[in-house]
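Subject: Handover of a structure and a summary of the findings

Dear colleague,

I am handing over the structure below, together with its sequence. Please open it beside this message, as the paragraphs that follow refer to individual residues.

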Amino acid sequence: MKKLSVLLLFITIVFLPTLQAQTSIEVMHEAGVSNLFLRYEYGVNTQNTNLAEVKDAQYFPGISYSPRFNFFEEDGEGSSSFSINLNNDFLFGNLLSSSFEKKSWAFMSTLSFNLNLGAGATKNSFEQFGGFVGIGYSYSNIHLVNNGMLNRITESVIADPTITPDYSKATVPLQGIYLHLGGRMKVGSGVVTLEGYSTLTPELNGVYTIGIRALYGFGIGL
């Protein structure tokens, strides 16, 4: 909660004056595909356990839907806006649950605050190309392995085979400060968006995650 409070304070200081200066609000919708990639820097050793093997590098494909609320100057050209996005990803693959069991799908939802420029900044932007950058908070039921905790549990079992290990303590949900940026290009009456994103989770030291999305914004522009 501390890092979320710091994020909200930062957003209030940076974006609130901009938001107060805007007069119009519109809703836009984007949908497409998403891929989440992860890599365990030191690998995951489940050799001395009854747990399933966890690969050092993995990726999870999925689908994505993102409604966006734009705030912009009513008398402007529509080439810039401040927005609040709610990204929703449904991912598939060989994922982990909180109890260290395998599951075939998971979700990730992210609330972010963004600065948009050029194409796709508003519905009425006449720019051919554009881009955006944003920060927010990500929540998901995707669980990754905390290597340090897993090694301690494994060592305790080796030292005393009579104990019942709780391997769920070695899983950490992928959630925390979220960063993303991307570019947009107007195609027909809509806009194609390509973006990259990452979630920063301090408890997952040595685990690197990065995601990419390809989205199409419906009914944007002329």
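Within this chain, E195 and R213 form a salt bridge in which the closest N and O atoms are 2.9 Å apart. E195 belongs to strand 9 (residues 190-200) and R213 to strand 10, so the bridge ties together parts that are 18 residues apart in sequence. Please note that the model is a predicted one.

R213 has a further salt-bridge partner: its side chain also meets that of D89, at 2.7 Å from N to O. This second pair links distant parts of the chain, with D89 in strand 3 (residues 80-96) and R213 in strand 10 (residues 207-217), 124 residues apart. Through shared partners, the salt bridges join D89, E195 and R213 into one network.

The overall plan of the chain

The chain contains two helices and ten strands. Starting at the N terminus, the order of the elements is α-β-β-β-β-β-β-α-β-β-β-β. Of the 222 residues in the chain, 45% are buried. Among contacts with a separation of 6 or more, 70% are between residues 24 or more positions apart. The chain exposes about 11500 Å², and 62% of this area is supplied by carbon and sulfur atoms.

The remaining salt bridge

How many salt bridges does a search of the whole structure find? The search finds three. Besides the two that involve R213, there is one between the side chains of E30 and R184, at 3.9 Å from N to O. E30 lies in strand 1 and R184 in strand 8 (residues 176-187), and the pair links distant parts of the chain, 154 residues apart. E30 counts as buried, with 3% relative accessibility. R184 is buried as well, its relative accessible area being 4%.

The surroundings of H29

H29 is also found in strand 1, which spans residues 24-40. At 34% relative accessibility, H29 counts as partly exposed. Leaving aside residues up to four places away in sequence, H29 touches Y65, S66, P67, Y216, G217 and F218. With one of these, Y65, the side chain of H29 makes a polar contact of 2.7 Å. The C-alpha atoms of H29 and L86 are separated by 10.0 Å, while the two residues are 57 residues apart along the chain.

The aromatic pairs

A search of the whole structure finds five aromatic pairs. Two of them are described here.

One is formed by F37 and Y59. Their ring centres are 6.0 Å apart and their planes stand at 25 degrees, so the pair is stacked; the cut-off for stacking is under 30 degrees. F37 lies in strand 1 and Y59 in strand 2 (residues 57-72), so this pair ties together parts that are 22 residues apart in sequence. F37 is partly exposed at 34% relative accessibility, whereas Y59 is exposed, with a relative accessible area of 53%.

Another is formed by F71 and F82. Here the ring centres are 5.9 Å apart and the planes stand at 40 degrees, so the pair is tilted. F71 is in strand 2 and F82 in strand 3, eleven residues apart, and the pair links distant parts of the chain. Both residues are buried: F71 has a relative accessible area of 14%, and F82 has one of 3%.

Which residues do ring pairs link into a cluster? The cluster consists of F71, F82 and F113.

With kind regards

Note on methods
Residues are numbered from 1 along each chain as its sequence is written. This is a predicted model: local features need pLDDT of at least 70, side-chain atom pairs count only at pLDDT 80 or more; totals for chains, interfaces and linings use all residues. Side-chain values use heavy atoms; hydrogens and water are left out. Helices (H or I, at least four residues) and strands (E, at least two) are DSSP runs, numbered from the N terminus. Buried means under 20% relative accessible area, exposed over 50%, partly exposed in between (1.4 Å probe, protein chains only). Contact means heavy atoms within 4.5 Å. Accessible areas come from the Shrake-Rupley method with a 1.4 Å probe; for residues, only the protein chains shown count as cover. A polar contact is a pair of N or O atoms within 3.5 Å; within protein, one must be able to donate a hydrogen and the other to accept it, and residues adjacent in sequence count only if both atoms are side-chain atoms. A salt bridge is a side-chain nitrogen of Lys or Arg within 4 Å of a carboxyl oxygen of Asp or Glu. Rings of Phe, Tyr and Trp (its six-membered ring) pair if their centres lie within 6.5 Å; planes under 30 degrees apart count as stacked, over 60 as edge-to-face and the rest as tilted.
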